[in-house]
Amino acid sequence: MQIPHLSPRPSAWVAEHAGLVPRSGAVLDLAAGGGRHSRLFLDLGYRVTALDRDVSRLASLAGAEIIAADLEDGSPWPLDGRQFAGIVVANYLHRPILPRIAAALGPGGVLLYETFSLGQERYGKPRNPDHLLRPGELLAFAETAGLTVLTYFCGATPEPAVRQRMAARRPVA
């Protein structure tokens, strides 16, 4: 069985909701890993910025802007002043940067966030509660950030895993 977060294919949920992202700007693939969501958005015709601590697996992303940055070591936020029409975060959680993620979402922009939630520890990694969303945590983040939730899911998935998934839009004005 292939581990879902190591699959070279984009998340089916992200692919299903990719059309919510406005065509007017670039997409940020945050903690891009192997670039599966970067490839999806490149194939859909978006400009893409892929950011990860280890960018060695992103070399094949022709046309994407690649940024090597460790988001957890206390270094300055590498995207200050930049805003994106879409931000994708999958299988990654570092709570201290949530306000930065919200600030990087431009007016009308869409955040697609999908990661593991408490309960996942019964099925496998991650097991550390620092890497697992608490119930309703994405909804609370959206409210605090002033985002409009378009769709939300929290629960068990067929992988099996326990996840939260949210698509949220920054109001235009």
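The chat below walks through some strands, a helix and a pocket of a predicted model.

Student: Which strands does β1 pair with?

Tutor: β1 is joined by 4 bridges to strand β2, residues 48–52, and the two run parallel; another 4 bridges join β1 to strand β4, residues 84–90, again in parallel. To find these pairings in the structure, you can look at L30, whose bridge partner in β2 is L51, and at L28, which stands opposite I87 in β4.

Student: And what sort of unit do β1, α2 and β2 make?

Tutor: Together with helix α2, which spans residues 36–43, the strands β1 and β2 make a β-α-β unit that is right-handed.

Student: Let's stay with α2, then: which of its residues are buried?

Tutor: The buried residues of α2 are R36, H37, S38, L40 and F41, and these residues pack against α1, which is residues 12–17, as well as against β1, β2, β4 and β5.

Student: What follows the helix?

Tutor: After α2 comes G45, which has a positive phi near 95°.

Student: You mentioned β5; why call it enclosed?

Tutor: Strand β5 is largely enclosed by the rest of the structure because 11 of its 12 residues are buried. β5 pairs with β4 in the parallel sense over 6 bridges, and between β4 and β5 the chain passes through helix α3, residues 98–103, in a right-handed β-α-β crossover.

Student: Which residue of β5 partners V89?

Tutor: The bridge partner of V89 in β5 is Y113.

Student: How does β5 run relative to β7, parallel or antiparallel?

Tutor: They run antiparallel, with 7 bridges joining β5 to strand β7, which covers residues 161–169; T115, for example, stands opposite Q164 in β7.

Student: Can we zoom in on L111: where is it, and why does it count as buried?

Tutor: L111 lies in strand β5, residues 105–116, and it counts as buried because its relative accessibility is 1%, where the cut-off is under 20%.

Student: What is L111 in contact with, beyond its neighbours within four places in sequence?

Tutor: Its contacts of that kind are I87, V89, I101, L105, F141, L147, M166, A167 and A168.

Student: How far is L111 from D52?

Tutor: L111 and D52 are 59 residues apart in sequence, and from C-alpha to C-alpha they are 17 Å apart in space.

Student: New topic: what volume does the largest pocket have, and what lines it?

Tutor: The largest pocket has a volume of about 760 Å³ and is lined by 32 residues, with A31, G33, D52, N91 and Y92 nearest its centre. By type, the lining divides into 13 nonpolar, 9 polar and 10 charged residues.

Student: Which elements supply the lining?

Tutor: β1, α2, β2 and β5 each supply at least two residues, and the largest share, 3 residues, comes from α2.

Student: Last one: is T157 buried or exposed?

Tutor: T157, which is found in strand β6, residues 148–157, is buried, with a relative accessible area of 8%. Leaving aside neighbours within four places in sequence, T157 is in contact with R163 and R165.

Definitions and conventions:
Residues are numbered from 1 along each chain as its sequence is written. This is a predicted model: local features need pLDDT of at least 70, side-chain atom pairs count only at pLDDT 80 or more; totals for chains, interfaces and linings use all residues. Side-chain values use heavy atoms; hydrogens and water are left out. Buried means under 20% relative accessible area, exposed over 50%, partly exposed in between (1.4 Å probe, protein chains only). Contact means heavy atoms within 4.5 Å. Two strands pair if DSSP finds at least two bridges between them. A crossover is right-handed if, with the strands pointing away from the viewer, the path from the first strand over the helix to the second runs clockwise. On a 1 Å grid over the protein atoms alone, a cavity is a set of points where a 1.4 Å probe fits but cannot get out, and a pocket is an open set with protein on both sides within 12 Å along at least five of seven lines; lining residues have an atom within 4 Å of a point. Grid points are joined across faces, edges and corners, and a volume is the space filled by probe spheres set on the points. Ala, Val, Leu, Ile, Met, Phe, Trp, Tyr, Cys and Pro count as nonpolar, Asp, Glu, Lys and Arg as charged, and the others, Gly among them, as polar.
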